[in-house]
Amino acid sequence: MKKILITGGAGFIGSHVVRLFVNKYADYKIFNLDALTYAGNLENLKDIENKANYVFVKGDITDEKFINELFAENDFDGVIHLAAESHVDRSILDPLQFVKTNVIGTVTLLNAAKNNWKDAMEGKRFYHVSTDEVYGTLGDEGLFLETTPYDPHSPYSASKASSDHFVRAYHDTYKLPILISNCSNNYGSHHFPEKLIPLAINNMKNKKPVPVYGKGENVRDWLFVEDHARAIDTIFHNGKNGDTYNIGGFNEWKNIDLINTLCKIMDRKLNRAEGETATLITYVKDRAGHDLRYAIDASKLNKELGWSPSLQFEEGLERTVDWYLANEEWLNRVTSGDYQKYYDTQYDKR
Ligand code: NAD
Ligand code: DAU
């Protein structure tokens with residue numbers, strides 16, 4: 001049975017990746033390593049938590065002793081590394097936490113993999129999940145390619161860029177078998193309501209102001225999270241050792257256009273008068289260093305490995321709104337902080 005370590009599996013994207021791997025690969029044992037920070041929620045994985053090929057490990061990727069012991073005990077065949085501090089606005093408030101988790105945490109994992117695999121690198125894979133924000137910002141034209149020079153602007157993207165460099169350095173220096181993907185903005189179920197789409201849905205639902213930074217003219221390229229999980233599966237199994245793949249939705253939206261589309265969906269779903277939800281839109285002070293436009297060219301992944309996004313954005317947004325409206329309890333528990341008690345009741349008694 002192959003042993004695969006997935007870090008950050010209790011978070012938004014990680015929980016979709018864990019679910020996909022646990023359900024698809026009965027012959028893999030999936031270890032979900034997560035520190036359960038404010039962003040980690042085991043309720044995201046309730047549907048698979050009792051599966052025989054799944055195990056949850058609570059731990060911190062920056063804890064060197066713990067990580068070394070975990071690798072020594074388990075001799076993992078592969079690592080899919082998603083654990084990170086992921087929110088740009090938090091990185092502006094507390095950059096050092098992003099250096100600790102995203103840089104030191106990644107290097108701690110790289111060291112453990114290098115030391116544990118040193119005599120048998122063949123067939124191993126260290127897959128680092130990164131972001132398109134490392135490339136900086138685009139003007140009106142052009143797309144990010146795998147060869148676009150790094151130019152991060154926020155403490156978050158600087159920490160992710162740094163971690164990407166370390167991953168490549170371990171490949172070049174120690175021959176560690178690595179893969180990196182840089183993905184655009186994800187959306188879908190289980191997204192923590194500090195990020196634009198779930199925050200807006202939650203506020204619209206509760207008739208609270210919907211904050212739009214600046215003039216709402218910044219552009220993001222949105223991808224349905226389950227399509228990202230499928231891309232990770234494809235790259236993990238078929239990607240070329242040492243290579244980088246861009247992942248994106250070919251789906252650019254100005255923030256204000258996206259918010260207006262969401263307002264229309266919410267009017268319809270909540271039986272409100274047309275235009276009622278849009279009255280909640282409130283322009284607020286812009287994010288410092290706010291990147292204007294991200295857009296990914298994902299054609300390498302399509303041509304070489306055959307991946308493409310499966311969902312149209314309108315359909316994905318509808319499904320996302322439906323999920324949040326049907327999972328009011330999840331949203332309430334996350335916004336109240338109650339979900340953090342789940343681990344104590346669910347796991348400490350075992
Ligand atoms: P998230 O914030 O929802 O989840 C992060 C997870 O990592 C949480 O479960 C958290 O508990 C865990 N974690 C944080 N610090 C840890 C530590 N020290 N030790 C162990 N676990 C720790 O993040 P997400 O949005 O799911 O992003 C996952 C990854 O994908 C990140 O590496 C992020 O940079 C990358 N990414 C995200 C997006 C996006 O749109 N969300 C796009 C491209 C790339
Ligand atoms: O591009 C990939 C990145 O996408 C990931 O690496 C990050 O982990 C992820 O958080 C996301 O970063 P963004 O900064 O693009 O996502 P966020 O949801 O925070 O913001 C999306 C856009 O909406 C951005 O232009 C800022 C704006 N915004 C955000 C919030 C939270 C608002 O206008 N109002 C808001 O309240």
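Biologist: How many residues of the shell around ligand 1 are nonpolar, polar and charged?
Modeller: The shell around ligand 1 has 13 nonpolar, 12 polar and 3 charged residues. Ala, Val, Leu, Ile, Met, Phe, Trp, Tyr, Cys and Pro count as nonpolar, Asp, Glu, Lys and Arg as charged, and the others, Gly among them, as polar. This is a predicted model, in which local features need pLDDT of at least 70 and side-chain atom pairs pLDDT 80 or more, while totals for chains, interfaces and linings use all residues. Residues are numbered from 1 along each chain as its sequence is written, chains are lettered from A and ligands numbered from 1 in the order written, and side-chain values use heavy atoms, without hydrogens and water.

Biologist: What makes a residue near a ligand?
Modeller: One of its heavy atoms must lie within 4 Å of the ligand. Around ligand 1 there are 28 residues, and Ile 13, Asp 34, Ser 86, Tyr 156 and Lys 160 come nearest.

Biologist: Why is the pair between Asp 34 and ligand 1 called a polar contact?
Modeller: A polar side-chain atom of Asp 34 is 2.5 Å from an oxygen atom of ligand 1. A polar contact is a pair of N or O atoms within 3.5 Å (within protein, one must be able to donate a hydrogen and the other to accept it, and residues adjacent in sequence count only if both atoms are side-chain atoms), so the pair of Asp 34 qualifies. A side-chain N or O atom of Ser 86 lies 2.7 Å from an oxygen atom of ligand 1.

Biologist: How much of ligand 1 does the protein cover?
Modeller: On its own ligand 1 has 830 Å² of accessible area, and the protein covers 96% of that. Such areas come from the Shrake-Rupley method with a 1.4 Å probe (for residues, only the protein chains shown count as cover).

Biologist: Which strand gives the most to the shell around ligand 1?
Modeller: E5 does, with 3 residues. Helices (H or I, at least four residues) and strands (E, at least two) are DSSP runs, numbered from the N terminus.
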